[in-house]
Amino acid sequence: RRTKLSGAGILYAAGLLPGGLLQERDKRAKWHGIPTLLQKLYESSHPNSDLSHAHSFLKVLSSQLSMEAMSFVTEDRKTAQESTFPNTYTFDLFGGVDLLVEILMRPTLTMQKKKPKMNDDLVKDCLSVLYNCCICTEGVTKSLAARDDFVLFLFTLMTNKKTFLQTATLIEDILGVKKEMIQLEGIPNLSGLVQSFDQQQLANFCRILSVTISEPDVGNDDKHTLLAKNAQQKRNASPSRAEVNQVTLLNIPGFIERLCKLATRKVSEATGANFLQELEDWYTWLDNALVLDALMQMATEEAEQSSTESSDESSLATSPLRHRLPQSMKIVHEIMYKVEVLYVLCVLLMGRQRNQVHKMLAEFRLIPGLNNLFDKLIWRKYTASNHVVHGQNENCDCSPEISFKIQFLRLLQSFSDHHENKYLLLNSQELNELSAISMKANIPEVEALVNTDRSLVCDGKKGLLTRLLTVMKREPPDSSFRFWQARAVESFLRGATSYADQMFLLKRGLLEHILFCIIDSGCTSRDVLQSYFDLLGELMKFNIDAFKRFNKYVNTPEKFQTFLTQINSSLVDSNMLVRCIVLSLDRFESQTEDVKVVEVLSECCLLSYMARVENRLSFLFRLINIINVQTLTQENVSCLNTSLVILMLARRKAKLPFYLNALREKEYAEKYPGCLLNNFHNLLRFWQRHYLNKDKDSTCLENSSCIPFSYWKETVSVLLGSDRTSLCAIASYIDEPFMDLDKDLLED
C-alpha cells in the first residue's frame, strides 16, 4: 500500500470507509463527491496503470476546482478561507495534493532503466490543479515549498515546452513562500535547462530567478539601523544563498548575452507566426488583473478610435482594428518580459560580481540597445505615476508600463554608479564634447573617458543620458519617476568630481530645471526633493560656474528664502547639498588669485550665507541633534559625515576648539548640558567601528569630499581623545557631572 497520502485520505483509499457511509457523509458535508472521485483517481493510478482512466477522473476534479480559483482571482485575491472554497479545501483534506505530487514524481522513482513517459496533458492538469489549490487554500503552498525534492523536480518539468507555463507559474508561487532560499546549483542540469529555453521561456524564467538572487527584505535597506546590519554581517560572514545563486547564473554559458538580447530586442523582432498561441499561453500565465485591465483599456480605446474613423458597419469589419489590436498587446507583452529581464540584470549589477557583469553588459551592447528602444518603447508615451516610490525588492502592483520605466531607471542608476563604464551612456559626439570642455578649461581628460571603447557607446543623434534629461524636464512636479530619473543622473556624476561631466549637464539646463522643481514647482514629495537635493549637490560641487548660474536663477530674496526653507524642512534629505556647499566654499576661499572665483564669492547669495560662521554652526547643531547611535540608518548616517566635514574643515584652519566651545554654549543655552556632546561622542565611537571595519569601502567618503580618508580617521581620533586638557577633544567640553559617555551602548 502506498503511504504518501495523509489524514482521511489513507482511510478511504485503503477502503476502510464503506461506500454508502462515505456518500451519506458527502451529502451532509457538501463535499460534492470529491472524496469518491479521489478514491477512483487513487485506484486508477497504481504504478502499472496507463493512467488514462486516472486522467478522466482528474479532469472532472479539475473543473470543480478551477471555478473556485477563477472566482478567487477575479475577486482580487481576498483572504482565502476554507468556507469560501469548499471544494479545494475538501480536495486537500482527503489527500488530493499529496496524490498528485506522487503521480507527477512517479517516473523519477522507478527503478526501470527506461523511465516511463507521462502524457503532457495529464502533467498539465496535475499542475493546474495544484496551482488552483495553492491559490485557494493557504497551507498548500507552504507544504509544497517544504518538499525540496518536489521543488527541484518541478524545474526538470520546464524542459517540456507544452507544460512550461504551468510549471513556471507553480514554481513562482512556491518560491514566494519558501522559508529557505532555493540553491540553483541543486537543480539537475541547470545549464542545459536554461540553454534549452527559447527567448519567451527565458523571460518567464527570469521572473522565477528574481526570487532566488535578491537578498530578502532588501526593499527597506535604508530604513534598517546600522547597528542591526553590522551585527547581522558579523553573523553571516560567508556569501549568502542569493550571492551563491548569482555566481551560479553567471557561470551558465551565454546566459547574460541572451538576457541582453531580450532586453534590447524590438517588438517587431519578438513576434513570430505563433503569436496568438503565445497569447493564449500568456493568459493562463496571467494572474495579474491589472495587466488584463491594461489590455482591455487598449482594446476599448482602439475600438473607439476605429469607430470614430468610420461608423459604416461594412467598413468596420475591414477596419485596421484586428491588425492593430494585437500590436498593442504585443507591446505590453514585450514590456512585461523586459521588466523581468531588467530586474535580474539590475540585481546582478549590484552584487559582488559587479565588474564581471559590467564587462559583459558592455560587450553585449546593452546600453546602445536600450538607447534605440527609448523613444519607441521605453518612454513612448506619458504615463501618469503618482504611486509611492518603490524600493528595490518590493512587489510592484503598478501597470507594466510603470514597472518597466522604474526598472529601466534603476538599471541606469546601478550601471553608472561609481563605474567608468558610465560613459557608454553617451554617443561619440557627446564624448567629443566632454573632451572639448576639458581642453577649453585646460584640465586633463578623465582617465575613464580616455579608456572608453568607442565601438560600444550609444549611436543615434542622442545618447541615453541626454534622452533621459529631455523626459525628466517634461515630468509633472510630484511624479515619482522624477525620483528615479534624478537618482540615475546623479549616479552618473557620483565618484570623483568631474568638471567636464558637470558642464555637460549644466549646458543642457539641468541646474535651472532642478531649482525650478525645488523653488517654483510646488513639489511636496519628500522622496523627489531628496533626490533633487542630492543631484544638485553633485552638479554644483567645486564648480564655480554652477554657483554663478545658481545666483542668476535665484535672483530675489524671496526665491532664496524659499530655497532655504526647503533645505531646512528636512536636513536628512538635504544634508548632502549642505556638505557640497561647505566643501565648495572652502575650496573657493583658497583660490583667491582667480578673478572669476573672487567675483562669484562676493556676489553669490548661497556662498555668502554659508560663509557666515553662525549659519555653519546652526547646521552643525541640528545635524548632530537629529541622529543618535540607535537610530542611525544608511539613509541618515550622511548627517554624521556632513557634521564631520564641517569640523574637519574647521580643524584645518585651527578653529576646532571654537566650534566645540560653541556646541557647549548651545547646550547650556538650551539648559541641557552634555546632551549634544555626549551624543556626538557616542556617534563618533560608532563611526570608528563602522568605517574602520576591513570590509568597509572608504573611497566613497574620500572621493565625494576630496579629503583623504587618513584625515577623517585622524580627526575622529582627536575628537575622541581622552586627555581632558586637549582643546580638540570633546571630553574637555563636558563638565564632570554631565559626563555620560555610555560605555555599554556599543559593547557586543
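**Figure 1. Overview of the predicted protein chain.** The accessible surface of the protein chain comes to about 34,100 Å², and carbon and sulfur atoms account for 53% of this area. The chain contains 41 helices and zero strands, where helices (H or I, at least four residues) and strands (E, at least two) are DSSP runs numbered from the N terminus. Of its 748 residues, 53% count as buried, that is, under 20% relative accessible area (1.4 Å probe, protein chains only). Among contacts (heavy atoms within 4.5 Å) between residues at least 6 apart in sequence, 76% join residues at least 24 apart.

Figure 2. The buried residues are Leu464, Leu465, Thr466, Arg467, Leu468, Leu469, Val471 and Met472.

**Figure 3. Close-up of the packing of helix H28 (residues 499–506) with helix H30 (residues 526–540).** The axes, which are lines fitted to C-alpha atoms over the stretch in contact, lie 9 Å apart at an angle of about 120 degrees. Angles run from 0 to 180 degrees between N-to-C directions. H28 and H30 are therefore oblique to each other, a class that remains once angles under 35 degrees (roughly parallel), over 145 (roughly antiparallel) and 65 to 115 (roughly perpendicular) are set aside. Gln502, Leu505 and Leu506 of H28 meet Glu538, Leu539 and Met540 of H30.

**Notes.** Residues are numbered from 1 along each chain as its sequence is written. In this predicted model, local features need pLDDT of at least 70 and side-chain atom pairs count only at pLDDT 80 or more, whereas totals for chains, interfaces and linings use all residues; side-chain values use heavy atoms, with hydrogens and water left out.

Notes
Buried < 20%, exposed > 50% of the residue type's maximum accessible area, 1.4 Å probe, protein only. Areas by Shrake-Rupley, 256 points an atom, 1.4 Å probe, with all protein chains shown as cover.
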